[in-house]
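Let's take a walk through this structure together. Have a look at the model below, and then we'll go through a few of its parts.

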Amino acid sequence: MKTNKKFAMMMPMKAFFIATIISVSSCNSYLDIVPDNVAVLEHAFNMRSTAERYLFTCYSWMPPHASLTSNPAFMGSDEFWIREQFVDFSAPASNIVRGNQNIVNPFNNSWDGGNGGTNLFMGIRDCNIFLENIDRVPDLGEDERNRWIAEVKFLKAYYHFWLVRMYGPIPLMRENIPVSATVDEVQIPRDPVDECFDYIIGLIDEGMESLPALLDSEITELGRITQPIAKSIKAYILVTAASPLFNGNSSYQGYTNHDGTALFNTTYDADKWRKAVTACQEAVEQCHAAGRELYRFNPGIVVFPLSPEIQIQMDLRNAVVERWNREIIWGDPNSMAGGGTSGIQSQAMVRGLTAATVEVVSTRGNLAPPLHIVEMFYSENGVPITEDKTWTYSDRFQLETATAIDKYHIKEGYTTAKINYRREHRYYAYLGFDGGIWYGHGLFDDNNTNYLQAKVGQFASMVSSNSYSNTGYWTKKLVHYQNIIEAPNRYTVEAYPWPVMRLADLYLLYAEALNEAQGPSSDALNWINLVRERAGLESVENSWSQYSTQPSKYTSQEGLRDIIRRERMIELAFEGKRFWDIRRWKIGETVLNRTISGWDIAQKEAENYYRQRALYQTTFRFRDYFWPLQEQTLLVNRALVQSPGW
């Protein structure tokens with residue numbers, strides 16, 4: 001997006017002090033339209049066509065949900081581990097989980113822009129310009145005008161929320177500051193975090209009724225904001241506001257502006273959870289009315305009948321990667337352009353699925369889940385492997401040879417670690433591993449499928465120094481099963497819109513809100529069990545009662561909380577949710593100070609390959625819950641205070 005001089009003069013109320021250079025470039029696109037701001041502001045709103053382009057300009061600031069470089073929720077978490085040489089230039093957020101965040105040039109800086117971050121205050125500025133001028137457009141019908149206003153109010157709210165999630169209390173940018181503003185008028189402090197959430201929710205509510213319940217033309221409008229999207233994101237925002245990081249967090253006692261204004265209310269407010277319950281209920285009802293449902297795989301042409309095991313795996317994999325499937329509440333079409341989901345699939349796809357594809361450099365296989373993520377998934381009985389009475393956790397690194405009963409999960413006759421056996425279907429749908437079946441990619445007979453061979457000398461081993469999994473696991477979940485790998489170097493990818501919100505996510509948010517507001521209930525369990533049923537698991541009640549060493553766990557609020565949180569981490573694994581959930585639950589110090597480990601991948605024999613190898617010791621401190629402000633920002637605007645701990 002180009003920013004001309006006249007636009008640059010209209011500095012945003014809060015962004016004036018944020019940046020000294022007011023030029024910005026954006027390679028984002030929306031609906032395959034590259035926004036083109038006209039030469040002068042007056043002309044942008046002289047007719048419907050140019051105003052519509054400005055609407056798309058507001059969309060173009062959408063945070064890059066599917067970017068491994070720019071979305072910190074991917075590489076800034078502990079779900080993947082990449083090699084050190086790729087950190088700085090390919091994945092700056094990896095420095096966050098490594099404990100290397102800083103105040104000189106913060107990684108993934110969305111306040112000022114830079115180091116992998118997009119300046120979202122500039123995006124809010126464009127939203128304000130649109131809202132201030134849209135009434136001037138002469139050839140725009142009232143209904144369409146109201147819809148556009150509602151869309152931009154939602155975008156403005158979402159950009160504010162993205163910043164609040166990163167920085168906590170921020171300066172609210174209600175309107176743009178005029179060019180005649182004095183230096184004192186642009187010295188703007190942070191607003192208290194509760195006021196930030198109230199303002200964000202208010203913006204969404206203002207436009208809710210003007211948004212369509214369904215799109216009239218999905219071909220041209222998919223990705224634009226609808227009532228199901230707005231209500232679902234509102235529900236997520238209210239769940240976030242009710243969560244321990246923002247609700248009664250005594251750790252921020254004394255966190256104030258220079259004038260003494262408290263930025264956090266440290267008193268717990270149960271009403272926040274009640275509001276979240278209502279919002280989740282309304283969102284679920286709206287989504288159901290719009291035809292949203294949990295995805296089930298139903299290929300148009302069935303050449304080979306699927307086994308029940310592969311059917312469930314495809315139900316799970318394609319809930320994410322099938323374009324615009326009925327589970328997707330909000331898909332980001334910008335993620336289909338540029339690197340986006342194509343780039344993610346390149347990094348997730350194993351290099352060397354077969355002998356013929358070892359030299360294909362477009363498949364990188366660098367997104368490597370560590371062993372603690374592998375252990376996170378349930379046993380086949382739907383409970384943690386540390387709780388399952390039928391599963392011997394202490395034997396998990398011992399070896400076992402697959403038999404015919406395992407053939408849809410592990411290659412029959414192949415020897416691998418016991419940790420890969422008798423696990424839930426999401427384990428096999430989401431993870432690739434040595435000996436594991438990898439359905440698709442040209443082979444659609446599930447009795448004749450590809451499988452991984454990852455030890456030294458085998459196809460998926462460390463053949464290339466920059467294309468291999470350094471843990472011995474791969475992220476199968478994010479790869480479309482119809483992608484084709486061909487020698488010598490061709491990888492045909494089915495790009496898909498990134499699922500910002502899907503129905504399973506909303507169901508689990510609803511269950512969480514119900515449990516926090518009311519304690520254990522059949523209603524809360526219902527929403528979890530719908531997700532588990534699609535994953536081929538029994539209900540929480542049956543699984544824990546029959547198989548867990550803690551059979552009554554789900555009957556207490558604390559026990560059900562633990563179950564809900566684990567269910568989210570499993571169901572939504574690798575989708576960028578874990579990073580934010582860990583923070584809003586305020587469990588970073590517990591979860592993110594750990595040893596990252598994988599298999600000893602430089603070994604040829606199974607006995608040596610299946611040894612746990614430490615890769616890194618991650619660091620998370622109290623200060624890491626929120627991003628620091630750049631030192632230069634504090635010098636330019638002295639009304640700002642630094643984030644706690646920095």
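Helices (H or I, at least four residues) and strands (E, at least two) are DSSP runs, numbered from the N terminus. This is a predicted model, where local features need pLDDT of at least 70, side-chain atom pairs count only at pLDDT 80 or more, and totals for chains, interfaces and linings use all residues. Residues are numbered from 1 along each chain as its sequence is written, and side-chain values use heavy atoms, leaving out hydrogens and water.

Start with lysine 586, which sits in the loop between helix H21 (578–584) and H22. Its phi is near 60 degrees, a positive value in a residue other than glycine. Most residues other than glycine have a negative phi. Lysine 586 is partly exposed, with a relative accessible area of 28%; buried means under 20%, exposed over 50%, and partly exposed in between (1.4 Å probe, protein chains only).

Histidine 441 also has a positive phi, of about 60 degrees, without being a glycine. You'll find histidine 441 in the loop between S5 and strand S6 (450–451). How accessible is histidine 441? It is buried, with a relative accessible area of 10%.

Now over to helix H13 (residues 308–321), which has 14 residues. Eleven of those 14 residues are buried, so H13 is largely enclosed by the rest of the structure. Among the buried ones are Ile310, Ile312, Met314 and Arg317. The buried residues of H13 pack against several elements, including strand S1 (328–332) and helix H20 (557–571), where contact means heavy atoms within 4.5 Å.

How values were computed. The expected span of a helix is 1.5 Å times one less than its number of residues.
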